[in-house]
Amino acid sequence: MKHLVLLGAGHAHINLLASLARQPLPGRQVTLVAPYPRQLYSGMVPGFVAGHYHLDECSIALAALLDGSGVAYLQRSVAALDAPTGQLTLDDGSTLGYDVLSINTGATQDRQQIERWIPGAARHALFVRPIERFAELWPKVVELATSRALRVTVIGAGAAGIELACAMAYRLPTATVTVVAGETPPGAAYPSSAQNRIAQALKLRRITVLQERAVGISADTVQLANGARLACDVPVIAVGTQAPSWLQGSGLALDDQGFVAVDMYQRSTSHRAVFAAGDVSTRVDRKLARSGVYAVRAGLPLANNLRAVMGGVEPRAYQPPEQTLNLLSCGDKFAIGVWGRWSFAGRWVWLLKD
């Protein structure tokens, strides 16, 4: 019996599990390996931080999707992958073989690598990923803020850093919130019209933006590259994500940043039995931003292609859209939208995101 292993319960695999719940794969063994019994939807986490959503509203329970799907569930993490032999090593030391593997674990924040960039981060900072751990710790920050005014520093000014800074400023009205943006302005990946809206939104919410790099963190300060020390009670690491370390030595073809290189079928360019989608992978035929929008859209084509290969049929090419709608929440049920080179903002944009 052919064995399909789904590694991770990211956006694309959630769609796949929903498909399998509707229409199981007859005569095939399917196993899901994921460390948590629920998947937190990353797009709603800033709303959770701001207090608009309870954590349960941001969570997708895997049990409901697995019921009736015929999928076995292992609540484990992967420790190593040997693609040439088709075998996974899990965090408890056990091994799991597969005929076809689909990877949708998402990207990670590599604490060791970030510690090299920003000494002290691993000990003193609040990391955004894994999201489950961040969601567990955030209520403790809210509770601490009831006893004194906090000094919050968000390190990183991409979409995550912007949304979290705004959400924290809204949820903690007595706190001072600072964004350490590095050498580029907040939202540098977006067109200039969106950058202007982002700058205005941060200013209106009294969020200070420092165009400096963080080079160290201690118990109560963030050290900047210019030599200045920023007083800080809650440093938040929202810098870009990295590829999972277990991909190194897996035998899979990787891009220059260590992510799985995949083709138009979302299949590994080196191993035909391995597929990958979402932030853990890079399309070699298309330059795509690492965005949950692409991960969600990849779910149905991935499901169709995995059904095909498990049935001995060739997969079909998937072409992601040239443009995607990006929506940045600004804390107080106000959002900024970006479509290509156009941007727009308002409460109606937040309603669209919601």
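## Close-up views of a predicted model

**View 1. Strand E11 pairs with strand E17.** Four bridges join E11 to strand E17 (residues 234–237), and the two strands run parallel. Strands here are DSSP runs of type E with at least two residues, helices are runs of type H or I with at least four residues, and both are numbered from the N terminus. Two strands count as paired if DSSP finds at least two bridges between them. Which residue of E17 is the bridge partner of Thr153? The partner is Pro235.

This is a predicted model, in which local features need pLDDT of at least 70 and side-chain atom pairs count only at pLDDT 80 or more, while totals for chains, interfaces and linings use all residues. Residues are numbered from 1 along each chain as its sequence is written, and side-chain values use heavy atoms, with hydrogens and water left out.

**View 2. Five strands form an open sheet.** The strand order is E10-E17-E11-E12-E13, with parallel pairing. Strand E10 (126–127) and E13 are the edge strands. Each of these two pairs on one side only.

**View 3. Strand E12 sits between E11 and E13 in the sheet order.** E12 covers residues 176–180, and four of its five residues are buried. Buried means under 20% relative accessible area, exposed means over 50%, and partly exposed lies in between (1.4 Å probe, protein chains only). Five bridges join E12 to E11 (residues 151–155), in parallel.

View 4. E11, helix H7 (residues 159–171) and E12 make a right-handed unit. E12, helix H8 (residues 192–204) and E13 make a right-handed unit too. Right-handed means this: with the strands pointing away from the viewer, the path from the first strand over the helix to the second runs clockwise.

**View 5. Helix H6 crosses helix H7.** Two packed helices are described by the angle between their axes and the distance between the axes. The axes of H6 (residues 131–145) and H7 come within 11 Å and cross at roughly 35°. Axes are lines fitted to C-alpha atoms, for helices over the stretch in contact, and angles run from 0 to 180 degrees between N-to-C directions. Which residues make the contact? H6 supplies Phe134, Trp138 and Val142. H7 supplies Leu164, Met168 and Arg171. Contact means heavy atoms within 4.5 Å.

**View 6. Arg129 lies in the loop between E10 and H6.** Is Arg129 buried, exposed or partly exposed? Arg129 is partly exposed, with a relative accessible area of 24%. Arg129 touches Ala107, Gln109, Arg111, Thr241 and Asp279, not counting residues up to four places away in sequence. The C-alpha atoms of Arg129 and Asp110 are 9.1 Å apart, and these residues are 19 residues apart along the chain.

**View 7. Three strands form another open sheet.** The order is E14-E15-E16, with antiparallel pairing. Strand E14 (214–217) and strand E16 (229–231) stand at the edges. Each has a single partner strand, so one side of each is left without a neighbour in the sheet. The twist averages 30° from one strand to the next. Three bridges join E15 (residues 221–224) to E16. Thr221 stands opposite Ala231 in E16.
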